[in-house]
Amino acid sequence: MSGELARSATERALEVAERLSVRTETEPGLDGSAGQALLFGQLDRTVPDAGWDRHAHEALTAAVRGLETAGRNHPGLFVGIGGIATTAAYLSREGTRYGGLLATLDDRIATATAEQSTEFVRSPANQPYEAFDVICGLAGLERYLMLRDRPELAGLVALCDSGPDEPNWFTPPDAIRKDTSIAEWYENGIYNCGLAHGIPGPLAVLSIALSHGYVVPRQTEAIARTAEWLVAQRVDDEWGVNWPACVTRDGSGEGPAQAAWCYGSPGVARSLFLAGKAIGDDKLRQLAIEAMAAVHRRPWSARLTGDSPGLCHGVAGLLQIMVRFANDTDEPLFTEAAVELTERVLDLYRPEIATGYYSRKSATGEMREHGGLLDGAAGVALALLAASTPVEPSWDHVLLLS
């Protein structure tokens, strides 16, 4: 990336952060004030002693107060106390701060995770995908507990097994929330293939855990089995390797999904790359690289990402994954792709709105001003910093990218 583009991206991230520093999101979790605190914390690592640590502390305090006011007890990473805990850990400066808060939250999250993991060991099949996903389920909780050296993992291993007729991660129709588009599209149940909500999430977590030395019985076999199943669900198009959002029992899907973090080949490719790295499978890593190269070859219209800038289903999420592949492989193609995506994110900036970037809901297309991590401007700014500065973007563990 040229020095001029890198400077522009960093300056844009700083401008967004300045706007957000005077705007506290009412949502306390990662898609609200806790997500803003992550951005401010990353800026404090990027430009120390510039006042960002104070903003991070204020945003975290607002998140804790918001959680107390709402009386929220859900442990989930993006919908509950897990997001505040991961932000506090990120801002703790190697455990020298927020010790009391973290001790309280860790015990609550560990207890909830142990209960949920035990349930999966006892009955792993036919669970709602929200029970094991990164947003509210077991994958997100386990990734957080890995940071705290307290992962369980047995429940995810049980999930990534097969019953007598099918893999355990099939979600039957009566376990799918009726107010979702998936319930309408897949009335007979699904295997969810999205990194945000599907089996790539547990696969990524088990793979990251193995690479970090957290090992439980049958973990390697679970990784290999799940990766093999995902590889078999490919729906390649004229540009190369691709995946659907979901598949049914008969193997049919809706065709290739959008090129995003939440659903589509970028998220699946990252999960397979991490799996290949963990179990030493070069074929998996190469397939993941081919899938990301295919993403870059596709025209924008075929990527189905549109003009949504955010991390979840927009351009910033694809940029963050591309940056990870560029750093992990040293492939010039991915550096070129990251440059293109950075330019596109910069072009999507809207100075006339308070947050600088619109959030576009994927289901309705509704555009709104939003400052959180997953769908809002904080996430966009974090991706710009990852692309333009040498500071490690370790915050993206919440997306299961590292």
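Contact here means heavy atoms within 4.5 Å. Helices (H or I, at least four residues) and strands (E, at least two) are DSSP runs, numbered from the N terminus. Around helix α4, the cover of the buried residues includes α2 (33-46), α3 (52-70), α5 (99-122) and α6 (138-147).

This is a predicted model: local features need pLDDT of at least 70, side-chain atom pairs count only at pLDDT 80 or more, and totals for chains, interfaces and linings use all residues. Residues are numbered from 1 along each chain as its sequence is written, and side-chain values use heavy atoms, with hydrogens and water left out.

**Helix α4**

- Helix α4 spans residues 81-91 and is mostly covered, with 11 of its 11 residues buried (under 20% relative accessible area, with exposed over 50% and partly exposed in between; 1.4 Å probe, protein chains only).
- The buried residues include Ile81, Ile84, Tyr90 and Leu91.
- Gly82 and Gly83 are also among them.
- Just after α4, arginine 93 has a positive phi of about 55 degrees.

**Helix pairs**

Two packed helices are described by the angle between their axes and the distance between the axes. Axes are lines fitted to C-alpha atoms, for helices over the stretch in contact, and angles run from 0 to 180 degrees between N-to-C directions. Angles under 35 degrees count as roughly parallel, over 145 as roughly antiparallel, 65 to 115 as roughly perpendicular and the rest as oblique. A crossing is left-handed if the near helix is turned anticlockwise from the far one by less than a right angle, and right-handed if clockwise. Ala, Val, Leu, Ile, Met, Phe, Trp, Tyr, Cys and Pro count as nonpolar, Asp, Glu, Lys and Arg as charged, and the others, Gly among them, as polar.

- The axes of α9 (residues 200-211) and α11 (residues 265-279) lie 8 Å apart, at an angle of about 30 degrees. The two helices are therefore roughly parallel.
- α9 passes α11 in a left-handed crossing. Residues of α9 in this contact include Leu203, Ala204 and Ile208, and those of α11 include Val268, Leu272 and Ala275. By class, the contact of α9 with α11 has 11 nonpolar, 3 polar and 1 charged residues.
- α12 (residues 282-297) and α15 (residues 332-347) have axes that come within 10 Å and cross at roughly 40 degrees. That makes α12 oblique to α15.
- The crossing of α12 and α15 is left-handed. Ile289, Met292, Ala293 and His296 of α12 meet Leu333, Phe334, Glu336, Ala337 and Glu340 of α15. This contact of α12 with α15 divides into 6 nonpolar, 1 polar and 2 charged residues.
- α15 also packs with α16 (residues 377-388), at an angle of about 145 degrees and with axes 11 Å apart. Their crossing is left-handed.
- Thr342, Val345 and Leu346 of α15 touch Val380, Leu384 and Ala387 of α16. The contact of α15 with α16 has 5 nonpolar, 1 polar and no charged residues.

**Tryptophan 300**

- Tryptophan 300 sits in helix α13 (residues 300-303). Tryptophan 300 is partly exposed, with a relative accessible area of 21%.
- Tryptophan 300 touches Thr305, Val315, Glu340, Leu341 and Arg344, leaving aside residues up to four places away in sequence.

**Sheet**

- Three strands form an open sheet in the order β1-β2-β3, with antiparallel pairing (two strands pair if DSSP finds at least two bridges between them).
- β1 (170-171) and β3 (246-247) are the edge strands, each pairing on one side only.
- β2 (residues 190-192) runs antiparallel to β3, joined by 2 bridges. Asparagine 192 stands opposite cysteine 246 in β3.
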